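Hello,

Here is the structure you are taking over. Please open it first, then read the notes below it.

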Amino acid sequence: MTSNDTHAPSINSSLPPGIKQQGLGDTITNLIKYYEFSTTAVVVQKNGMWVYLNPSALHLLGYEHLSEVQGKSIWDFIVKADQQMVSERIKASINGVNPGTHEQKWFKKDGSIIPLEITAVPVENFLGQTTAIIKKVNQESQHVRDTLQHYQLITENMNEIVSLLDRRGNLLYVSPTYKEYSKDGIHNEIGQSAIKYAHEDDKEFLKSEFLKLIKYREPQTLQYRLKKTDGTYRFIESQVTCIYGQADCQFIVVSRDVTDRHLAESKLRISELKHRMILEHSNDLICLMSDEGVAVYASLSYKSLLGYEQDEVVGKDILTFIHPEDYEKCQKAIVKLTETKQPVTTIYRKIHATGHILTLEAKGMAVVDDRGDANHFVFISRDITEKIKLEQYRENIEKLALLGDVAAGFAHEIRNPLTSIKGFITLLAKERKEGERGYHQIIENELEKIEEVVNGFIALAKPQAGDIAEVSLLKLVKNAISVLTPQASLKNIRININSQLKSIIIRCQRNQMKQVFINILKNAVEAIEQDGHIDIILEEQQDRVCVIIHDNGIGIEEERLQRIGVPFYTNKEKGIGLGMTVSNKIITEHKGQLKVESKPGEGTKVVIDLPKYPF
């Protein structure tokens, strides 16, 4: 190896004139004189024994004093594998032949081995001694040389194709595994292009990537097709690395056959594409949850069904947008799924981006790997809001139809004899004196109550008929308010309307719908003892409208709230318990919903949800 120290002094030129004629003691004295303070490490030997090592050489080998090495055999300092070569170099130097620079491995004082560059200086003299400059080998360069020294031994036992390229892309070396692709034999491939057997469609790509590698010197991974000797092509993946940073850089390429993996990945991609198409075009909500409870995937249907973009769902807690009242129920279902790994089904509500509520039915399943571990869980949720509304509508229709039939028959059987009784009581009352008419008046009052019950049954069986028409919802509510205004004024009750829907039109039977609002407002007025208020809010949601009537009356207990709408159930002194039953029947027949929410001391809220065009 050639020394990199181009400024090192020449010992031959530095020795004083006449040194050949002087004795050994004088020689050492002169050597000490000229090299004791030199930063260049200098050693002198004679007959295989150390004559002199200057302080730089002693320090390099781990010694402090010349006396520790002077007179000792040089062979105790040189590894056995290099001794024959060193002996030949000493002979050449004594004979005046410059053996140049060479790498050797020497022992340091502590027994460790140090690689050195030895530059011999030929000096012809009768003493037979030789002088050399020693220098520690650069560790990085030594590592590369050691690696290359064992390169062939390692690569010949690898399944991968290992090759060494010059900066033109030609082979400097290729491992035996290349024989499956070489038509002319591996030895004949040296100096040939490394892409000689690449698929024609891949060659331009490989050339372009190789130019990038030369320019940027950054490792690359390339995939391409390589033709075997039998004419078939295999998919190859190559890792290319630059091993020098200088202009004459070379490249190590490790290539492996990835055909099976490529085919498997292709099948997987096709399968993934099919499943993704199904997922992205499904109307169901599909969500993948990590074991930490975070959504890692959300289908596009989140946008169409709930109004949220995918990035508004992914990365957030899986229970985000869940209705607060259903949060605990859903949390328990998730805990059960993660603990048992068994599918769970639950019905819950989610809040749409616009604020309205959707009812969903979800099925959760664990995604299990080959080892039986579940790190992810998939939830498929279906919107059943309309399904529930339809079921409730059918249930109400069936109940009300049955109740209507019973009411009609009952009213028919009572009304006729009731009319006769009422008529005869009136005649009898006329024949009595003024003071004797008290009992008759009581009877008449009770008969009026019975008649009111009968009329309620008739209204339940067949509410006041009317033509279906397009009606202003705001005007309809205001008409109902005008009926209750006198009664509300007596209690100092304010009725407020909050609506931006002045132009909203619904199709309905005017008189029936007006009766609904009158019934609900009447209940609200009667629930307020004095100085209260009733707030009416009209809202529009897509193709539906919502009327909210909220009073600050005494409220309703939970037990009573569950029985709202049950025929003849009432807590009013003069009520018959058919008002809400009739109202619910009318709303149901208009394909709407009536919901009552109340707490004692906090008032009552009645929510009427109607389609704009039910008929």
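This is a predicted model: local features need pLDDT of at least 70, side-chain atom pairs count only at pLDDT 80 or more; totals for chains, interfaces and linings use all residues.

Cavities

The structure holds three cavities of 30 Å³ or more. The largest cavity contains about 260 Å³ of space. Its lining is made of 25 residues, and those closest to the centre are Ile318, Ile322, Tyr348, Phe379 and Ser381. Five elements each supply at least two residues of this lining: strand S11 (285–290), helix H10 (327–340), strand S13 (344–351), strand S14 (357–368) and strand S15 (374–383). S13 gives the most, with five residues. Sorted by class, the lining of the largest cavity has 17 nonpolar, five polar and three charged residues.

The second largest cavity has a volume of about 200 Å³. There are 17 residues around the second largest cavity, and Val86, Ile90, Ile118, Thr130 and Ala132 lie nearest its centre. Two or more lining residues come from each of strand S1 (41–46), helix H4 (80–94), strand S3 (101–107), strand S4 (113–121) and strand S5 (129–136). Which element gives the most to the lining of the second largest cavity? H4 does, with four residues. This lining divides into eleven nonpolar residues, five polar and one charged.

Helix H4

H4 has 15 residues, which at 1.5 Å a residue should span 21 Å; its end C-alpha atoms are 22 Å apart, which agrees. The expected span is 1.5 Å times one less than the number of residues.

Which residues of H4 are buried? They are Asp82, Val86, Arg89, Ile90 and Ser93. An α-helix has 3.6 residues a turn, so residues three or four places apart point the same way. The buried residues of H4 pack against S1, S3, S4 and S5. Two of the buried residues, Val86 and Ile90, are also among those nearest the centre of the second largest cavity. After H4 comes Gly96, with a positive phi near 85°.

Aromatic pairs

A pair of aromatic rings is described by the distance of the centres and the angle of the planes. Rings of Phe, Tyr and Trp pair if their centres lie within 6.5 Å. By this rule the count comes to seven aromatic pairs. Take Tyr308 and Phe321: their ring centres are 3.9 Å apart and their planes are at 15°, so the pair is stacked, the cut-off for stacking being under 30 degrees. Both residues sit in the loop between helix H9 (301–306) and H10, 13 residues apart.

Is Tyr308 buried or exposed? Tyr308 counts as buried because its relative accessibility is 8%, and buried means under 20%. Phe321, with a relative accessible area of 21%, is partly exposed.

Elsewhere, ring pairs link Trp50, Tyr63, Phe77 and Trp106 into a cluster.

Asn523

Asn523 counts as partly exposed because its relative accessibility is 26%. Asn523 and Met580 are 57 residues apart in sequence, while their C-alpha atoms are 9.2 Å apart in space.

Regards

How values were computed:
Residues are numbered from 1 along each chain as its sequence is written. Side-chain values use heavy atoms; hydrogens and water are left out. On a 1 Å grid over the protein atoms alone, a cavity is a set of points where a 1.4 Å probe fits but cannot get out, and a pocket is an open set with protein on both sides within 12 Å along at least five of seven lines; lining residues have an atom within 4 Å of a point. Grid points are joined across faces, edges and corners, and a volume is the space filled by probe spheres set on the points. Ala, Val, Leu, Ile, Met, Phe, Trp, Tyr, Cys and Pro count as nonpolar, Asp, Glu, Lys and Arg as charged, and the others, Gly among them, as polar. Buried means under 20% relative accessible area, exposed over 50%, partly exposed in between (1.4 Å probe, protein chains only). Contact means heavy atoms within 4.5 Å. Rings of Phe, Tyr and Trp (its six-membered ring) pair if their centres lie within 6.5 Å; planes under 30 degrees apart count as stacked, over 60 as edge-to-face and the rest as tilted.
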